[in-house]
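Hi,

Here is the structure I promised to pass on. Have a look, and my notes follow below.

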Amino acid sequence: MDPYSPEGELINIHSAFHAGAYQQVLDFDTSSFSSTNALPIRVLKSRSQIALGQAKQVSADLASEKTPDLIAVRLLADYEQGKDVVAQAKKLAEQHGQENLAVQLCVGILLERAGETDAALELLSKHQGSLDAVALIVQIHLQQNRSDLATKEAQRARKWAQDSLLVNIAESWVGMREGGEKYQSAFYVFEELAQTAQSQSPHSLVAQAVSELHLGRLPEAEAALQQAIAIDENSADTIANLIVLNTLLGKKDETKQLTEKLQTVDKQHRAVKDWTEKKEEFQKAMGKYTPKFEVAS
């Protein structure tokens, strides 16, 4: 049984996790929860710590744990610190990946980040009615630019998960890729997350802002991003999207300042890497041509 099913007592903490409200997950009062949910709660809180940049602390806290779920989380934390744990992760998946959801999710994430996409998808596909696994599969297909596969995955989940929040989020990710009328539908989902106290976070506010950008509502996008930066001024995703917004608004000075800040906050951010790669490709293209000048007589 999926411990994060909509019918269970973990629904609110689980929703906060998927909205990117990781600090709220850590602060969540779970003292009244049943003992059977102690392990899923610990997994969620440890994964939230990793997302908040506390991977080293998670590795230390789980160093002596023997439970497969917690070993999987520790390996993910180790990988985030640059440790070579792919072989260990694969071995854990072979031993416990058939039925253990935490192993499927954490090792699946690890393998995807290590570039072993097919192995990640194979492991995640073993899930038994887990929307968390579905969401990861959708994300991977979108990264592969396979919107068709992402759409099919989300549609299959809709049949058995009905109006679950995570299905709505997954469909919104797909909608943002497909565009058109789907931008507005995605906006409604992201706005609800971003403006609800339990799920408001830089992550959900950025999602709302990006949908606003696609809808051409620049002032509204700016307001959402300012809300996000007020919560966490060093949120790399927020800064990256503020750069995009200020570029569209023609604010060159602000764009330059934010670009320098992003490189300081997270020089490995995908936006920084993307801009660097494009600049290098442009320089290579320029090198193939010799400018010719004509002198007026």
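Which residues have the most contacts inside the largest nonpolar core? They are Val73, Leu75, Leu92, Val107, Leu110 and Leu124, in a core of 34 residues. By nonpolar core I mean a set of buried Ala, Val, Leu, Ile, Met, Phe, Trp, Tyr and Cys residues joined through side-chain atoms within 4.5 Å; buried is under 20% relative accessible area, exposed over 50%, and partly exposed in between (1.4 Å probe, protein chains only).

Before going on: this is a predicted model, where local features need pLDDT of at least 70 and side-chain atom pairs count only at pLDDT 80 or more, while totals for chains, interfaces and linings use all residues. Residues are numbered from 1 along each chain as its sequence is written, and side-chain values use heavy atoms, with hydrogens and water left out.

Back to that core: helix H7 (101-113) gives the most to it, nine residues. (Helices are DSSP runs of H or I, at least four residues, numbered from the N terminus.) Domain 1 (10-128) and domain 2 (135-177) both contribute residues, so the core lies between them; the bounds come from an automatic or database domain assignment.

Leucine 166 sits in helix H11 (residues 165-178) and is buried, at 7% relative accessible area. Leaving out residues up to four places away in sequence, leucine 166 touches His14, His18, Leu131, Asp132 and Ala135 (contact means heavy atoms within 4.5 Å).

Asparagine 145, in the loop between helix H9 (131-143) and helix H10 (147-161), is exposed at 62% relative accessibility. Its phi is near 60°, a positive value in a non-glycine residue.

Cheers

How values were computed: Helices (H or I, at least four residues) and strands (E, at least two) are DSSP runs, numbered from the N terminus.
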